[in-house]
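Hi everyone, thanks for coming. Could you please bring up the sequence and the structure so that we can look at them together?

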Amino acid sequence: MTETQRIDNGQAALWNGPSARAWIGSQTVLDAMFKLFEDLLVDAVRDGHGRQVLDIGCGTGATTLALARMLGERGRVVGADISEPMIAVARERAAHEHAAAQFVCADVQAHAFEPAAFDTIVSRFGVMFFDDPVRAFANLRGAATDDATLRVIAWRGPADNPFMTTAERAAAPLLPDLPPRRLDGPGQFAFADRERVQSILDASGWADIDVVPIDIECTLPEAELIGCFTRLGPLGLFLQNADEQTRTQIVDTVRAAYDPYVHGTQVRYNAACWMIVARASAKARVS
């Protein structure tokens with residue numbers, strides 16, 4: 001049994017299976033939809049002093065590649081993710097554009113990163129899926145220099161993000177057994193509670209923790225809406241194995257529920273997130 005299997009209670013299988021397929025299939029749409037979050041991280045690194053950057057939960061590599069393009073020969077950027085299929089796509093993208101970004105397929109909770117190798121650690125929606133977040137961030141602290149900056153973006157709660165739960169709420173009358181979202185385990189909204197986020201980082205050896213709400217208007221083409229909600233999230237996972245009659249009924253019902261977000265050829269919604277910033281100090285180092 002591998003280290004990843006010992007730690008993980010389902011995330012490795014999910015992100016090497018159905019969730020990976022869904023994200024890879026939606027890669028172009030998701031990269032465009034979340035571009036403003038990518039820009040926030042790239043701008044922060046540009047304005048800071050860090051040049052050795054680790055991108056956690058890098059997925060198919062959009063943020064890692066953007067950072068590599070910005071830093072060029074002045075720095076080094078490594079993307080890490082537990083998903084082999086997504087890392088494979090990220091490597092293909094890097095090779096296609098001759099980018100210097102490096103990628104490692106790893107469970108961040110246990111991976112043996114080189115000690116004190118990174119002065120900047122970032123993530124765009126990649127830190128909410130740890131089974132043991134304290135262990136994960138403690139491991140990252142060990143990979144950080146004593147003056148490193150941690151800067152990650154994570155979702156706030158479902159009440160602040162009604163767009164993100166529209167599909168399962170609309171489908172609920174038709175699918176009473178559809179699993180509800182969990183806020184106490186790995187998943188999109190695992191970092192919804194600001195105090196929990198602060199306690200995780202404090203317990204894992206990070207200091208000067210700041211958890212600030214940010215709200216970004218995201219858009220996607222209306223023509224891509226059905227493709228997104230039939231691939232992504234709890235409903236997307238269910239529909240991967242649904243029969244055609246069930247699928248058609250659910251798609252019609254759910255698509256109508258998105259009407260308030262549709263403006264002509266665009267879908268617009270507010271993404272309510274946290275910008276989480278912390279500092280590594282010698283005093284806070286976890287051995």
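I'll talk about a helix pair, a pocket and some aromatic rings. Please keep in mind that this is a predicted model.

Let's start with the helices. Two packed helices are described by the angle between their axes and the distance between the axes. Here, take helix α3, residues 18-25, and helix α7, residues 84-96: their axes come within 8 Å and cross at roughly 30 degrees. Angles under 35 degrees count as roughly parallel, so α3 is roughly parallel to α7. Which residues make the contact? On the α3 side you'll find A20, W23 and I24, and α7 brings P85, M86 and V89. By class, that contact has six nonpolar residues, with no polar and no charged ones.

Now for the second largest pocket, which holds about 220 Å³ of space. Its lining includes A44, H49, D119 and R151. Sorted by class, the lining has three nonpolar, five polar and three charged residues.

Last, the rings. The count comes to 14 aromatic pairs. Let me show you one of them, F37 with F125: the ring centres are 5.0 Å apart and the planes sit at 65 degrees, so this pair is edge-to-face. Where are these two in the chain? F37 is in helix α5, while F125 is in the loop between β4 and α8 (133-143). They are 88 residues apart, so to speak a link between distant parts of the chain.

Note on methods: Residues are numbered from 1 along each chain as its sequence is written. This is a predicted model: local features need pLDDT of at least 70, side-chain atom pairs count only at pLDDT 80 or more; totals for chains, interfaces and linings use all residues. Side-chain values use heavy atoms; hydrogens and water are left out. Axes are lines fitted to C-alpha atoms, for helices over the stretch in contact, and angles run from 0 to 180 degrees between N-to-C directions. Helices (H or I, at least four residues) and strands (E, at least two) are DSSP runs, numbered from the N terminus. Angles under 35 degrees count as roughly parallel, over 145 as roughly antiparallel, 65 to 115 as roughly perpendicular and the rest as oblique. Contact means heavy atoms within 4.5 Å. Ala, Val, Leu, Ile, Met, Phe, Trp, Tyr, Cys and Pro count as nonpolar, Asp, Glu, Lys and Arg as charged, and the others, Gly among them, as polar. On a 1 Å grid over the protein atoms alone, a cavity is a set of points where a 1.4 Å probe fits but cannot get out, and a pocket is an open set with protein on both sides within 12 Å along at least five of seven lines; lining residues have an atom within 4 Å of a point. Grid points are joined across faces, edges and corners, and a volume is the space filled by probe spheres set on the points. Rings of Phe, Tyr and Trp (its six-membered ring) pair if their centres lie within 6.5 Å; planes under 30 degrees apart count as stacked, over 60 as edge-to-face and the rest as tilted.
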